[in-house]
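This report describes selected local features of one protein model. Please consult the sequence and structure shown here while reading.

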Amino acid sequence: PLRASNVIDDTNQRTLYEILQAPPTATRDELKQRFVTLSKTLHPDAQFNLNHQQNDTVTVPSTSSSDDPTFSEVVTAWRVLSNPTTRKEYDRTLFAAYITKDIERAASDVTSAAAPVVNSFFEKVALPALRRTTAAAAAAVSAATDDLNKKYKENDGGSKQPGVDFTEVVGAAFKAGANAGKVIDRMELEEKGEALYARSKEEMKRARELQRTLVGVVTDRIRLSLQMPKAVITSDEAKFYLERVLGNVTTQGMEESLMTEREQEALAMRRKVVGMKISALEETERGYEGLLQDDEKVKLEYEAMKNDVATAEKNVEAAIQSLEDAKAAIKRARLSLTQKKQAATALTTALYHYEPTYKRSAQSVSKKLDELTHHRETVRRALVNGNDNPEPKLKSLIGSIFHRSSHETAHDKDEEEETERRLMGEILEMMEREKELTTECGKARDRAVNLKATSKKLKARSEVLRQGLINGGGSGVTN
C-alpha cells in the first residue's frame, strides 16, 4: 500500500502527476497522451538515437536534463494513474501526505520536538482514519489526539511547554483531509458523469441513425404492400406513409415549391381525401377492435358455459349410475331377504317337529341323571358303612380302609361342608398323582417292551454262535 512517507519525503520529490507533466485534474485520455509523448522521447531506443546524432553532429544541442523523469518513472506513473482504483488510492494518499507536511511544519513552528511525534501519528492513525466513515474517523481523531498530547509530554521530559496542544492542529488538519477526500470523490463523479454523458450522446446519435434506417425500411415495406391487391394496411401505416411520402414530394417527383398553384391545390385535395379515408379506416379499426374484444368476451363466456354444461352432464351420468347401483343393491337385498325368510321358515318348521324329540331326550337325561345320582349315593354309602356286605372279613377290611373318612364324618352341617371341601382337595391331589403314576407306568411298559425286544435279539445271536461252534468248530463265528 502507498504511504505518505513514500509519496513525499521532501519538498523536492515529484509526484506522479508531475512526472507525467499533467495536473491532478487531468482525464485519463490526457494522461495517456502525456505518457505517449514522454515515452517517445525517454525510451532507451530514442535516447540511443539522440546520443548517436550528438556524436555525429556537434551542433545538435541535448534536449535532456537532470530534472527530466526517467522512462521507468514515466511507466510507473502511468501504471498507477491509468487504473481508476489505484489512482483514487494514490490521490487520497497524496492529499494525506500534503496534510502531514503541513502538520509537521505547523508543529515545528511550535517546537522542533513535536515533528516526529506528529509524523508517527499521521502514519498510524490519520491516514487509516481518512478511509473510515465520518463518525468513526471523528472518534478516532479525538482519541488519538489525546494520546498524541500525552506522548509529546513524555518525549519532552515531562515538562510540556505552555501553548503546545495538538488538538486544534490535528482537528483542523483532519478536517482539511476529509474535505480533500470529498473533492477527490466529486472529481471522480464528475469524470464518470462526463464519460457517461458522452456515451449517452453517442447512443442517442446511434439511435437516431437506427430510427432513420427504420423509417426507410418501414416506408419500403408499406410501398411494396400497397402494390399488392387487398393488401393489409393499418391506419397508422397509412398515416406514416401519407406524412413521409405524400407529405414531402409529389407523385411526379417535383418539389412542392416548383408546382403550379393548380397542382398544389390538387395535391392538397388529394392529401385531404386520403386523410379522410384514413380517418374512416381508423374509425372502422376502432370499431373492429371493440368488436374483437366483445367477441373475445363472448367466446370466453361461451367456453365457460360449455364447461358448465359438460360438468352438469357428468354429474347427471354419475347420478344415473348411482341410481342404477342403488336399484341393483335393492334387488340383491330383496332376494337375500326372501332367501333368509325361507331359511327361517324351514328352520322354524324343523324346530317345531324336533321339539318333542328334544323334550323326550331332556326327560330321559333327567331321569337317567337321577338314577345315576341314586346309584352313586348307594355305592358311596355302601363303601363307607359296609352295611351291604355280608362277609364280616370284607366288612372289617372296608371299614379299616375308610376309617379316616368315617372318623371325620360329622353330623353338623358346617363340619360336613368343611370335610367335603377337604376331601375334594385330597381327591384332586390324588387325581394328579394318578396321572403322574399312569405316565410313569406307560414309560415303564415301553422300557420293558424295548428290553424284551433287545433280549430276543441277543438270544438269537447267541443261538447262531452256538450252532456255529457245534458245526464248524469256530468257523461259523460272525460279528
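## Exposure classes and a nonpolar patch

A residue is called buried when its relative accessible area is under 20%, exposed when that area is over 50%, and partly exposed in between. The model discussed here is predicted.

Because its relative accessibility is 43%, Met424 counts as partly exposed. This residue is located in helix α14, which comprises residues 413-472. Met424 also contributes to a nonpolar surface patch of about 370 Å², together with Ile427, Leu428 and Met431.

The buried residues of α3 are Leu31, Phe35, Leu38, Ser39 and Leu42. When α3 is viewed down its axis, these buried residues fall within an arc of 105 degrees and therefore line one face of the helix. An α-helix has 3.6 residues a turn, so residues three or four places apart point the same way. On the face of α3 turned away from the buried side are the exposed residues Asp29, Gln33 and Lys40.

Gln21 belongs to the loop that runs between α2 (16-19) and α3 (28-42). Although Gln21 is not a glycine, its phi is positive, at about 60 degrees. With a relative accessible area of 43%, Gln21 is partly exposed.

Conventions. Residues numbered from 1 in each chain as written. Predicted model: local features only at pLDDT ≥ 70, side-chain atom pairs only at ≥ 80, totals over all residues. Heavy atoms only, no water. Patch = residues over 30% accessible without salt bridge, like charges linked within 9 Å, V, L, I, M, F, W, Y side chains within 5 Å. Areas by Shrake-Rupley, 256 points an atom, 1.4 Å probe, with all protein chains shown as cover. Salt bridge = Lys/Arg side-chain N within 4 Å of Asp/Glu carboxyl O. Helix = DSSP H or I, 4+ residues; strand = E, 2+ residues; numbered from the N terminus. Buried < 20%, exposed > 50% of the residue type's maximum accessible area, 1.4 Å probe, protein only. Arc of directions from axis to C-beta.
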